[in-house]
Amino acid sequence: MISDKLLQKLNDQLNYEFYSAQVYLAMAGYCEEKSLPGFANFFRVQAEEERMHAMKFFDFITSLGQRVNITGFGTPKNDFVSMVEVFEVSIQHEKEVTARIYELSDIALNDREHATMSFLKWFIDEQVEEMDLFDKHLQRLRRINEDSSAFFMMDDELAKRTLPQQV
């Protein structure tokens with residue numbers, strides 16, 4: 001049986017995943033304002049991934065016969081000075097998500113809650129991919145000047161991002 005503490009943390013993470021979608025939608029809005037449709041697409045896709053992650057938590061909690069508890073969200077940052085800052089904020093956000101997933105994993109391990117440990121493994125692997133993706137884009141942005149053709153080539157490249165089949 002799942003502990004109250006673990007259930008609370010799973011619900012907290014479910015809500016944080018919804019908040020993450022809001023964070024990335026705010027970034028997409030900034031990109032749209034700057035007429036950067038490729039970057040906007042990148043963050044719209046990321047927002048949709050986060051909503052799908054939230055629903056994975058939703059489905060897992062209900063599959064355990066437990067109650068989902070939806071709470072409100074904070075207001076994400078909406079104003080940025082550059083795309084470099086957008087990706088710096090993204091990486092910080094993903095680091096927070098990773099820390100939260102690790103904390104959940106530690107609680108599940110301490111509780112010897114094997115079903116939750118198995119469920120969270122997918123998220124641990126996902127966070128490795130997310131951190132790598134955001135870091136690579138940030139490193140590229142730092143190497144190019146936003147006024148250069150390389151910046152707009154990157155915008156064109158990010159316009160091609162689609163939601164993975166299996167999230």
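Buried means under 20% relative accessible area, exposed over 50%, and partly exposed in between, with a 1.4 Å probe and protein chains only. The legends below describe a predicted model, in which local features need pLDDT of at least 70, side-chain atom pairs count only at pLDDT 80 or more, and totals for chains, interfaces and linings use all residues. Residues are numbered from 1 along each chain as its sequence is written, and side-chain values use heavy atoms, with hydrogens and water left out.

**Figure 1. Confidence along the protein.** The mean pLDDT (the predictor's confidence in each residue, from 0 to 100) is 95 for the protein, and 98% of its residues reach 70 or more. Helix 1 (residues 4-33) has the highest confidence, at 98, and helix 5 (residues 149-158) the lowest, at a mean of 89. Helices (H or I, at least four residues) are DSSP runs, numbered from the N terminus.

**Figure 2. The salt bridge between lysine 77 and glutamate 85.** A salt bridge is a side-chain nitrogen of Lys or Arg within 4 Å of a carboxyl oxygen of Asp or Glu. A search of the whole structure finds 9 of them. Here the side chains of lysine 77 and glutamate 85 meet at 3.4 Å, N to O. Lysine 77 counts as partly exposed because its relative accessible area is 40%. Glutamate 85 has a relative accessible area of 17% and is therefore buried.

**Figure 3. The salt bridge between glutamate 88 and arginine 142.** The closest N and O atoms of glutamate 88 and arginine 142 are 2.9 Å apart. This pair links distant parts of the chain, with glutamate 88 in helix 3 (residues 83-111) and arginine 142 in helix 4, 54 residues apart. Glutamate 88 is partly exposed, at 33% relative accessibility. Arginine 142 is also partly exposed, at 46%.

Figure 4. Glutamate 48 and arginine 51 form a salt bridge through their side chains (2.4 Å, N to O). Both residues lie in helix 2 (residues 37-63), 3 residues apart, which is about one turn of the helix. With a relative accessibility of 29%, glutamate 48 is partly exposed. Arginine 51 is partly exposed at 28%. Side chains of opposite charge can pair when their charged atoms come close.

**Figure 5. Helix 4 and its buried residues.** The end C-alpha atoms of helix 4 are 44 Å apart, in agreement with the 44 Å that its 30 residues should span at 1.5 Å a residue. The expected span is 1.5 Å times one less than the number of residues. Buried residues of helix 4 include Phe119, Phe123, Glu126, Glu130, Phe134 and Leu141. The buried residues of this helix pack against helix 1, helix 2, helix 3 and helix 5.

**Figure 6. The surroundings of histidine 137.** Histidine 137 lies in helix 4 (residues 114-143). Its relative accessible area is 7%, so histidine 137 is buried. Leaving out residues up to four places away in sequence, histidine 137 touches Phe42, Phe87, Met154, Glu157 and Leu158. Contact here means heavy atoms within 4.5 Å.

Figure 7. Serine 35 is not a glycine, although its phi is positive, at about 60 degrees. Serine 35 sits in the loop between helix 1 and helix 2 and is exposed, at 58% relative accessibility. Arginine 112, in the loop between helix 3 and helix 4, has a positive phi near 55 degrees. Arginine 112 is exposed, with a relative accessible area of 63%.

Technical notes. Helices (H or I, at least four residues) and strands (E, at least two) are DSSP runs, numbered from the N terminus.
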